[in-house]
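Please take a moment to look over the sequence and the structure below before reading on. The paragraphs that follow go through them step by step.

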Amino acid sequence: MTPRTPGGASPKKAPAIKIPIRDQVSAGGVVFRRHNEQVEVVIISVGSERRWQLPKGLVDKGEKPEITAVREAREEGGVVSEVVEHIETIEYWYAGIENGIRVRFHKRVHFYLLRYVSGDTKDHDWEVNEARWVPIEDAAGQLAFDNEKRVMAQARVLISQR
């Protein structure tokens, strides 16, 4: 039952507040190498909760996602790599703050299979707590996000075919 104000009129509804929506495009990848008869991949730890994830970041204006994936592997993982092939594009929504205003972000992340060329995981940038090589069989169990676990499983299949 709708409450009535004195005199029988219905109360006015508060106007709906529209939350702005922003599209974001990121790219990253599964960097792999064969080391001592074993396949290893790079994972990174970020944030105060030390969450393990794949290296990824925002695509710069005019930059192709493949270039972003290689750049982010270098910045966050400390390693130089080259694109082998596209794995998957995932998408999700999250809320955040932009210029002091609450915003909903619609995020797409392009993930690539990246072959290790050179470098050391110790050379990661300041945003990353730690970058490390882990056996591919162990990687998915350490990743925080289900969609990245799925990407890792797909990468494992692709690597086994090479």
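What covers the buried residues of helix 1? Before turning to the answer, note that this is a predicted model, and that every value quoted here has been computed from it. The cover over the buried residues of helix 1 includes strand 1 (21-35), strand 2 (38-46) and strand 4 (56-58), together with strand 5 (79-98), strand 6 (101-119) and strand 7 (128-135). The residues of helix 1 that are buried are T68, A69, R71, E72, A73, E76 and G77, where buried stands for a relative accessible area under 20%. Helix 1 itself takes in residues 65-77, 13 residues in total, and from its first C-alpha to its last it reaches 17 Å, which is close to the 18 Å expected at 1.5 Å a residue. After helix 1 comes G78, a residue whose phi is positive, near 80°.

One of the pairs sets S81 against its bridge partner in strand 6, Y116, while in another Y94 stands opposite F105 of strand 6. Strand 5 and strand 6 form a hairpin, with two residues between them. Strand 6 also pairs with strand 1, in this case in the parallel sense and over 12 bridges; here the bridge partner of G28 in strand 6 is F111.

The C-alpha atoms of E98 and I87 are separated by 30 Å, although the two residues are 11 residues apart along the chain. Leaving aside residues up to four places away in sequence, E98 touches R22, V103 and F105. E98 has a relative accessible area of 26%, and it therefore counts as partly exposed, since that class lies between the limit of 20% for buried and the limit of 50% for exposed.

Which value does phi take in N99? The phi of N99 is near 55°, a positive value in a residue other than glycine, and N99 is placed in the loop between strand 5 and strand 6. With a relative accessible area of 76%, N99 is exposed. E37, which is not a glycine either, has a positive phi of about 65°, and its place is in the loop between strand 1 and strand 2. E37 counts as exposed because its relative accessibility is 85%, and exposed means over 50%.

The last step concerns empty space in the model. Rolling a probe the size of a water molecule over the atoms shows where such space is left. The largest pocket holds about 400 Å³ of space. It is lined by 17 residues, of which R51, Q53, K56, E76 and K107 are the closest to its centre; E76 is also among the buried residues of helix 1. Which element gives the most to the lining of the largest pocket? That element is strand 4, with three residues, and at least two residues each are supplied by strand 1, strand 3 (51-53), strand 4, strand 5 and helix 3 (146-160). By kind, the residues of the lining divide into six that are nonpolar, five that are polar and six that are charged.

Note on methods:
Residues numbered from 1 in each chain as written. Predicted model: local features only at pLDDT ≥ 70, side-chain atom pairs only at ≥ 80, totals over all residues. Heavy atoms only, no water. Helix = DSSP H or I, 4+ residues; strand = E, 2+ residues; numbered from the N terminus. Expected span 1.5 Å × (residues − 1). Buried < 20%, exposed > 50% of the residue type's maximum accessible area, 1.4 Å probe, protein only. Contact = heavy atoms within 4.5 Å. 1 Å grid on protein atoms, 1.4 Å probe; cavity = no way out; pocket = protein on both sides within 12 Å on 5 of 7 lines; lining within 4 Å. Points joined across faces, edges and corners; volume = space filled by probe spheres on them. Nonpolar A, V, L, I, M, F, W, Y, C, P; charged D, E, K, R; others polar. Pairing = 2+ DSSP bridges.
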